[in-house]
Amino acid sequence: MMSGGGGRSGSGGRDAEGEWEVRPGGMLVQRRDGDAGPAVRLRVSHGASFRDVAVPAQATFGELKRVLTQATGVEPERQRLFFRGKEKGDNEFLHTAGVKDGAKLLLLEKPAPANVEQKVEPVTMDESMMKACEAVGRVRTEVDNLSAQVCDLEKSVLAGRKVEDKNFVVLTELLMMELLKLDGIEAEGEARAQRKAEVRRVQSLVETLDKLKARNANPFSDQNKSVSVATQWETFDNGMGSLNAPPPRVSSTQINTDWEQFD
């Protein structure tokens with residue numbers, strides 16, 4: 001004979017469907033009975049975006065996965081939740097693991113089974129995201145042109161032709177200007193991922209110019225030895241004001257020549 005709980009499990013019936021609701025602003029919260037206890041707000045990192053959810057402090061990580069299914073479309077069986085660098089089991093409780101209000105967690109997806117066809121969800125963009133993507137696209141066009149000029153310089157240097165230093169300086173300054181433009185773009189989701197990829201591309205071109213400049217200055221150096229270029233970049237994670245380009249460093253190569261002594 002089932003108890004008066006209507007067949008609920010020992011977890012107090014939190015497995016039942018329909019207990020989660022969407023509040024204004026997109027926040028997912030669990031409907032709380034009188035004895036459900038206080039709720040905690042959590043921020044879950046998933047891909048290039050964040051999901052804000054609210055669950056009872058006494059909930060398990062398994063119950064949190066079911067909430068995230070509604071927000072991400074990823075089934076609980078394919079979710080991997082990490083807190084403080086450690087993966088958490090479904091039966092572990094949030095409060096015993098030290099999860100408090102405002103805590104941040106990481107959500108990774110397990111590969112879908114080969115025999116299960118994945119649902120392709122259309123990517124929806126709001127107006128701000130579209131504007132950010134367009135801004136990144138304009139920078140990408142400029143970087144394409146600068147990249148072609150870097151390739152021309154590389155061909156000249158590798159062919160042994162002397163190139164004026166001002167060509168390296170001008171191209172580096174133009175690329176740094178594009179970095180500043182990228183830093184001024186406030187982006188989330190897909191736009192943020194595009195901006196990050198373009199930042200890495202520009203950084204790579206600047207480092208290539210550093211190496212070419214060093215080789216151009218020492219055309220007779222041992223070409224089997226690579227020129228070490230130490231350029232430090234600050235990670236673009238926050239958007240505005242995250243760029244602190246380092247001062248240019250002059251790379252140098254050492255030439256060690258061993259002379260044979262003739263007696």
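# Exercises on a predicted model

In this predicted model, helix α3 meets helix α4 through D165, F168, V169, L171, T172, L175, M176, L179 and L182, and the α4 residues that face them are R195, E198, V199, V202, L205, V206, L209, L212, K213 and N216.

## Exercise 1: α3 and α4

Task: Describe how α3 and α4 are oriented to each other, and state which classes of residue make their contact.

Solution. 
- Step 1. Take the angle and the distance. The axes of α3 (residues 165-183) and α4 cross at roughly 165° and come within 10 Å.
- Step 2. Compare the angle with the cut-off. Angles over 145 degrees count as roughly antiparallel, and α3 is therefore roughly antiparallel to α4.
- Step 3. α3 and α4 cross in a left-handed way.
- Step 4. Sort the residues. The contact of α3 with α4 has 13 nonpolar, two polar and four charged residues.

## Exercise 2: α2 and α4

Task: Decide whether α2 is roughly parallel or roughly antiparallel to α4.

Solution. 
- Step 1. Locate the helices. Helix α2 covers residues 127-158 and helix α4 covers residues 189-217.
- Step 2. Read the geometry. The two axes, of α2 and α4, come within 10 Å of each other, with a crossing angle of roughly 15°.
- Step 3. Apply the cut-off. Angles under 35 degrees count as roughly parallel, so α2 is roughly parallel to α4.
- Step 4. Complete the description. The crossing in which α2 passes α4 is left-handed, and by class the contact has 14 nonpolar, five polar and eight charged residues.

## Exercise 3: α2 and α3

Task: Work out the orientation of α2 and α3 and list the residues through which they touch.

Solution. 
- Step 1. Start with the packing. The axes of α2 and α3 are 11 Å apart, and the angle is about 155°.
- Step 2. Name the orientation. With the cut-off for roughly antiparallel at over 145 degrees, α2 and α3 are therefore roughly antiparallel to each other.
- Step 3. Note that the crossing of α2 and α3 is also described as left-handed.
- Step 4. List the partners. From α2 come V139, E142, V143, L146, Q149, V150, L153 and V157, while α3 supplies N167, F168, L171, L174, L175, E178, K181 and L182.
- Step 5. Sort them. Eleven are nonpolar, two polar and three charged in this contact of α2 with α3.

## Exercise 4: The whole chain

Task: State how many helices and strands the protein chain has, and in what order the elements run.

Solution. 
- Step 1. Count the elements. The protein chain has four helices and seven strands.
- Step 2. Starting at the N terminus, the elements are β-β-β-β-α-β-β-β-α-α-α.
- Step 3. Look at burial and surface. Of the 263 residues in the protein chain, 34% are buried. The accessible surface is about 17,400 Å², and carbon and sulfur atoms hold 49% of this surface.
- Step 4. Look at contacts along the sequence. Among contacts with a separation of 6 or more, 63% join residues 24 or more positions apart.

## Exercise 5: Buried residues

Solution. 
- Step 1. Outside four places in sequence, N216 touches V157, R161, K162, V163, D165 and F168.
- Step 2. Beyond its neighbours within four places, its contacts are L42, V55, P56, A57, A59, T60, F61, L64 and V99.
- Step 3. Leaving out residues up to four places away, A103 touches R41, L42, R43 and F83. From the C-alpha atom of A103 to that of F83 the separation is 8.7 Å.

## Exercise 6: R84

Task: Is R84 buried or exposed?

Solution. 
- Step 1. R84 is in the loop between β5 (79-83) and β6 (86-87).
- Step 2. Exposed means over 50% relative accessible area. R84 has 65%, so R84 counts as exposed.
- Step 3. Check the backbone. Most residues other than glycine have a negative phi. R84 is not a glycine, yet its phi is positive, at about 55°.

Methods
Residues numbered from 1 in each chain as written. Predicted model: local features only at pLDDT ≥ 70, side-chain atom pairs only at ≥ 80, totals over all residues. Heavy atoms only, no water. Axes fitted to C-alpha atoms, helices over the stretch in contact; angles between N-to-C directions. Helix = DSSP H or I, 4+ residues; strand = E, 2+ residues; numbered from the N terminus. Parallel < 35°, antiparallel > 145°, perpendicular 65-115°, else oblique. Left-handed = near helix turned anticlockwise from the far one by under 90°. Nonpolar A, V, L, I, M, F, W, Y, C, P; charged D, E, K, R; others polar. Buried < 20%, exposed > 50% of the residue type's maximum accessible area, 1.4 Å probe, protein only. Contact = heavy atoms within 4.5 Å. Areas by Shrake-Rupley, 256 points an atom, 1.4 Å probe, with all protein chains shown as cover.
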